[in-house]
Amino acid sequence: MFCYQCQETSRNLGCTMRGVCGKSETLANLFDLLIYGLKGLAYVSVKLQEKDRYYPEDSVFVMSALFKTITNVNWDEENIKDTIETTLALRDKRKDELCKLMEGKCDTCPEAVTFQLKRDEYDEFAKKVGVLRTENEDIRSLRETIIYGIKGICAYGEHAAILGFQDDDVNKFIMEGLSATLDDNLTVDQLVNLVLRTGENAVKIMAKLDEANTKTYGNPEPTKVKLGVGKNPGILISGHDLKDLEELLKQTEGKGVDIYTHGEMLPAHYYPAFKKYKHFIGNYGDSWWHQLEDFENFNGAILMTTNCLVPLRKENTYLERLFTTGTVNYPGAVHIPDREKGREKDFSPVIARALKCQPPKELETGEITGGFAHSTVLSLADKIIEAVKSGAIKRFVVMAGCDGRMPSRKYFTEVAEKLPKDTVILTAGCAKYRYIKLPLGDINGIPRILDAGQCNDSYSLAVIALKLKEAFGLDDVNKLPLSFDLAWYEQKAVAVLLALLSLGFKNIILGPTLPGFLSPNVAKVISDTFGLQQITDADSDIAKMLA
Ligand code: FS2
Ligand code: SF4
């Protein structure tokens with residue numbers, strides 16, 4: 001196996017024996033094979049599009065399949081083998097259609113389109129189609145940057161598609177980008193261009209997901225989310241899928257079960273549509289990697305709708321109250337099947353299990369304040385502009401992204417604590433758990449931490465910045481009193497980073513490490529072009545940002 005897609009990759013070079021995340025060699029290789037099959041499907045789709053045959057449902061299928069290969073989503077080898085089988089069947093169906101249209105006048109298809117395997121041959125073949133198949137380090141780096149960005153696009157695209165929202169340009173780009181990673185004739189410049197286009201498409205899909213979420217559930221509002229617990233047994237819902245939450249809330253009303261959010265589901269409390277549910281109690285625990293303790297202490301049923309799900313340790317006892325759904329699978333956990341057309345998912349097994357459980361153990365009390373997505377912040381624009389003009393606010397610092405296990409991430413807490421009192425932190429994603437509970441106070445009633453929501457709501461922060469640029473009459477967003485100090489972990493963060501670069505934001509500070517998948521040459525191009533830099537220490541970086 002070789003995998004270097006996440007921030008915790010071994011020695012920042014690559015996991016080779018077993019993932020630091022816990023991924024086995026077999027599972028890693030199966031992901032490689034799945035991606036290879038998806039590239040074959042993408043190749044055929046691009047050719048079909050040239051003949052005006054465009055199948056949006058194929059792009060949605062790719063979204064769901066690629067989502068499974070993101071860090072901490074799917075741990076089930078059998079499920080991945082099933083997905084490979086479905087991928088190859090769809091690829092072959094589309095290939096037959098293409099062959100008929102071409103009437104024998106076509107180029108030779110690449111191996112990704114033609115290979116045929118029986119299920120018991122997957123493991124062996126998979127070893128030949130991984131990341132290291134591309135020998136040139138820079139080409140490999142660019143191809144993988146495109147693939148990881150597309151994985152993030154797929155995750156966000158899938159959430160939007162579930163709510164009935166799609167973007168045809170993005171659907172087509174997913175196929176084009178994946179297919180391009182098979183093309184040995186593309187130059188470095190052409191691949192760099194595709195990296196930039198990946199960023200542009202990440203912006204489009206985050207905008208689409210923002211539209212999907214806000215049209216379906218309303219605009220997030222400033223909200224205080226409770227951290228304590230009630231007396232009823234509970235269901236802890238984690239991940240990012242709001243539709244799953246909606247259906248769970250409906251199905252648990254009046255059943256004597258309370259619903260709590262964990263990790264990235266916290267911002268669901270900010271949406272008006274969910275406020276009517278009295279049994280939607282609050283948020284429990286901390287960011288994703290604390291789940292081994294949090295899920296143990298919760299006592300109740302746990303529903304994982306997306307990443308991050310981490311493998312249980314020997315001492316963990318919650319497997320029989322752990323449920324997965326959507327793209328998430330875990331051996332031994334009950335999987336709630338997809339919705340049938342026009343119907344809701346059936347969460348009754350989760351509810352039945354929860355009713356047999358003890359109430360959660362209280363970990364903390366108090367509350368978290370959030371709900372500062374673009375519509376709320378822009379409604380405060382006059383107040384914010386006034387505070388900037390009067391000097392009450394000297395700078396905004398965007399501290400969005402992911403949390404992770406590395407001890408060096410305490411840097412982000414330190415930055416939040418040490419930033420001067422006339423600065424405001426704009427946050428989104430699970431990175432916020434490093435500082436959201438700090439008592440940082442407010443500036444003229446504007447909280448010093450404004451949480452927009454999940455990692456995809458980093459889009460909201462970009463919208464806020466671009467609107468402030470207009471309001472201040474500036475010609476360049478980099479002239480705003482605004483700095484970026486981002487934390488990354490998995491591939492959605494790659495999509496977010498590429499999106500910010502494509503919007504023209506420069507001098508982003510990123511950590512705790514720069515991506516291991518950036519070769520020295522590619523890292524140099526990105527830092528020369530965009531001023532991207534790695535975190536150093538809190539004092540030096542604060543000084544740099546305030547200069
Ligand atoms: Fe956090 Fe994990 Fe949001 Fe990432 S819960 S690192 O998947 O997507 O962010
Ligand atoms: Fe290693 Fe990260 Fe890949 Fe897991 S996802 S195998 S930790 S690089």
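Q: Where does Asp189 lie?
A: Asp189 lies in helix 8, residues 188-217; helices (H or I, at least four residues) and strands (E, at least two) are DSSP runs numbered from the N terminus. This is a predicted model, in which local features need pLDDT of at least 70, side-chain atom pairs count only at pLDDT 80 or more, and totals for chains, interfaces and linings use all residues. Residues are numbered from 1 along each chain as its sequence is written, while chains are lettered from A and ligands numbered from 1 in the order in which they are written.

Q: Buried or exposed, that Asp189?
A: Asp189 counts as exposed because it has 9 C-beta neighbours inside 10 Å. A residue is buried if 20 or more other C-beta atoms lie within 10 Å of its own, exposed if 12 or fewer, and partly exposed in between, with C-beta atoms placed from the backbone.

Q: What separates the C-alpha atoms of Asp189 and Thr71?
A: They are separated by 29 Å, and the two residues are 118 residues apart along the chain.

Q: Next, the domains. How is the protein divided?
A: There are domain 1 (10-216), domain 2 (223-355) and domain 3 (372-546); the bounds come from an automatic or database domain assignment.

Q: How many residues of domain 1 and domain 2 are in contact?
A: Domain 1 contributes 16 residues, in contact with 15 residues of domain 2; contact requires C-beta atoms, placed from the backbone, within 7 Å. On the side of domain 1 that touches domain 2, helix 2 (56-67) and helix 6 (137-162) each supply at least two residues. That side divides into 6 nonpolar, 8 polar and 2 charged residues. Here Ala, Val, Leu, Ile, Met, Phe, Trp, Tyr, Cys and Pro count as nonpolar, Asp, Glu, Lys and Arg as charged, and the others, Gly among them, as polar.

Q: And what separates the centres of domain 1 and domain 2?
A: Taken over C-alpha atoms, the centres are separated by 29 Å.

Q: On to the ligands. Which residues are closest to ligand 1?
A: The closest are Asn307, Cys308, Cys402, Cys430 and Cys455, in a shell of 13 residues; a residue is near a molecule if its C-beta atom, placed from the backbone, lies within 6 Å of it. The shell around ligand 1 comprises 6 nonpolar, 4 polar and 3 charged residues.

Q: Why does ligand 1 lie between domain 2 and domain 3?
A: Because domain 2 and domain 3 both give residues to the shell around ligand 1.

Q: What joins Asn307 and Cys308?
A: A cis peptide bond joins them, with omega about 10 degrees. Cys308 is found in the loop between strand 5 (301-304) and strand 6 (322-325).

Q: And which residues are closest to ligand 2?
A: Ligand 2 is surrounded by 13 residues, the closest being Cys3, Cys6, Cys15, Gly19 and Cys21. This shell divides into 7 nonpolar, 4 polar and 2 charged residues.

Q: Which residues are buried in helix 11?
A: In helix 11 (residues 348-355), Val350, Arg353 and Ala354 are buried. They cover an arc of only 100 degrees around the axis, which puts them on the same side of helix 11; the arc is that of the directions from the helix axis to the C-beta atoms. The face turned away from that buried side carries the exposed residues Ser348 and Ala352.

Q: What covers the buried residues of helix 11?
A: The cover includes strand 2 (234-238), strand 5, strand 6 and strand 7 (334-336).

Q: Which residues touch the most other members of the largest nonpolar core?
A: Ile235, Ile302 and Leu497 do, in a core of 165 residues. The largest share of this core, 13 residues, comes from helix 1. A nonpolar core is a set of buried Ala, Val, Leu, Ile, Met, Phe, Trp, Tyr and Cys residues joined through C-beta atoms within 7 Å.

Q: What is Ile302 in contact with?
A: Leaving aside neighbours within four places in sequence, Ile302 is in contact with Leu236, Phe295, Tyr318, Arg321, Leu322 and Phe323.

Q: Last topic: where is Asn444, and what is its phi?
A: Asn444 is in the loop between strand 11 (442-443) and strand 12 (446-447). Its phi is near 50 degrees, a positive value in a residue other than glycine. Asn444 is exposed, with 11 other C-beta atoms within 10 Å.

Technical notes
Two residues are in contact if their C-beta atoms, placed from the backbone, lie within 7 Å.
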